[in-house]
Amino acid sequence: MSESSPLSSAPPSLVDGQELTVDGRAFLVRVSARRSKLGLTVERDGSLTLRTPTGCAAQRAESFVRNSRPWIDDKLRLRDALRPVHPVREFTDGETYRYLGREYRLLLVDDPGAPVRLSAGRLCLDKATAADMRLARRAVTAWYRKVGLGWAQGRLQPWAARMDVDEPTVTVRDVGRRWGTYRNGATPADGGRMALHWAVFQLPAQLVDYVIAHELAHIRVAGHGPDYWRLLRRAIPECERLKGELDEMGRRVWLGDVPADPTARARGVPGD
């Protein structure tokens with residue numbers, strides 16, 4: 001959500017990274033010189049981010065937050081309705097793993113030289129690695145990072161050209177409760193940095209494309225106000241539908257969770 005009033009300034013000013021509490025709710029403040037308006041984001045984990053221009057007074061921000069209370073309440077109710085139901089994995093034969101929307105059953109093999117690979121429609125995992133859930137988790141997520149990066153690098157240039165922006169450097173890693181992030185470069189010649197969550201590559205290709213385009217749009221527009229959505233809609237006319245699909249399907253992807261109880265496998269507790 002974004003305000004519509006023009007930029008004003010009044011001391012004291014908010015500082016990037018500080019926490020602002022308004023009526024019992026905590027907001028992480030993010031200050032950007034590229035912004036002229038205030039904006040709010042309800043993150044995937046339910047936390048609240050307040051995005052402000054440089055020099056924004058705390059009083060102005062508090063007033064904006066209070067006026068936005070109905071919007072915040074609606075977004076939090078929607079989040080509760082779409083509460084994540086992320087599965088747990090135990091790395092046993094037959095578990096289902098997804099890559100670009102397709103399902104692959106896990107097959108344990110004797111192959112210590114290549115702990116994870118796709119072969120003949122199965123996701124193969126070395127038995128010795130699978131015996132230690134921490135090692136197995138590390139190996140499988142590293143595989144997603146590797147294959148996801150290769151796929152994303154092939155898709156980045158067409159989308160950057162389509163949106164008429166410079167192609168940023170892309171990495172694939174754990175980015176917490178977001179599907180992707182974008183950070184400006186240190187200089188105008190620097191194309192910036194995009195990071196994609198390794199787990200996003202479990203989703204269908206069109207949703208990964210949506211995440212890539214979503215982050216590329218931030219090269220031109222900070223935040224998620226009306227200008228941002230107009231820009232994204234020009235590149236992806238069906239962006240609202242894809243966002244809805246991402247919200248629904250994304251809450252069901254595997255985020256690396258394994259049983260909290262190390263004896264769960266021995267007791268036969270299901271992992272899917």
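Colleague: Let us start with helix H1, residues 58–67. Which of its residues are buried?

Modeller: In this predicted model, the buried residues of H1 are Ala58, Arg60, Ala61, Phe64 and Val65. They cover an arc of only 160° around the axis, which places them on the same side of H1.

Colleague: And which exposed residues does the face turned away from the buried side carry?

Modeller: That face of H1 carries the exposed residues Gln59 and Asn67.

Colleague: Stepping back, how many helices and strands does the protein have?

Modeller: There are eight helices and eleven strands. The protein has 272 residues, and 43% of them count as buried.

Colleague: What about the accessible surface of the protein?

Modeller: The accessible surface comes to about 13800 Å², and carbon and sulfur atoms account for 51% of it.

Colleague: Now the sheet. What is the order of the strands in the open sheet of three?

Modeller: The order is E9-E11-E10, and the pairing is mixed. E9 and E10 stand at the edges with a single partner strand each, so one side of each is left without a neighbour in the sheet. From one strand to the next, the twist averages 15°.

Colleague: Do E9 and E11 run parallel or antiparallel?

Modeller: Strand E9 (residues 169–173) and E11 run parallel, joined by five bridges. Thr171, for example, has Ala195 in E11 as its bridge partner.

Colleague: How many bridges join E10 to E11?

Modeller: Four bridges join strand E10 (residues 180–183) to E11, and these two strands run antiparallel. Here Arg183 has Arg193 in E11 as its bridge partner.

Colleague: Is E11 mostly covered or mostly uncovered?

Modeller: Strand E11, residues 193–197, is mostly covered, with four of its five residues buried.

Colleague: Which strands does H4 lie across?

Modeller: H4 lies across E9 and E11, and runs at about 155° to E9. Another helix, H5 (residues 205–217), lies across E10 and E11 and runs at about 150° to E11.

Colleague: What is Ile236 in contact with, leaving aside its neighbours within four places in sequence?

Modeller: Ile236 is then in contact with Trp159, Tyr210, Ala213 and Leu242.

Colleague: A change of topic: Arg79. Where does it lie?

Modeller: Arg79 lies in helix H2, residues 69–81.

Colleague: Why is Arg79 counted as partly exposed?

Modeller: Arg79 has a relative accessible area of 22%. Buried means under 20% and exposed means over 50%, with partly exposed in between, so Arg79 is partly exposed.

Colleague: Which residues is Arg79 in contact with, again leaving aside neighbours within four places in sequence?

Modeller: They are Glu43, Arg44, Asp45 and Gly46. Asp45 and Arg79 are 34 residues apart in sequence, and their C-alpha atoms are 8.7 Å apart in space.

Colleague: For the whole protein, what share of the contacts with a separation of 6 or more comes from residues 24 or more positions apart?

Modeller: Such residues account for 57% of those contacts.

Note on methods: Residues numbered from 1 in each chain as written. Predicted model: local features only at pLDDT ≥ 70, side-chain atom pairs only at ≥ 80, totals over all residues. Heavy atoms only, no water. Buried < 20%, exposed > 50% of the residue type's maximum accessible area, 1.4 Å probe, protein only. Contact = heavy atoms within 4.5 Å. Areas by Shrake-Rupley, 256 points an atom, 1.4 Å probe, with all protein chains shown as cover. Arc of directions from axis to C-beta. Pairing = 2+ DSSP bridges. Axes fitted to C-alpha atoms, helices over the stretch in contact; angles between N-to-C directions.
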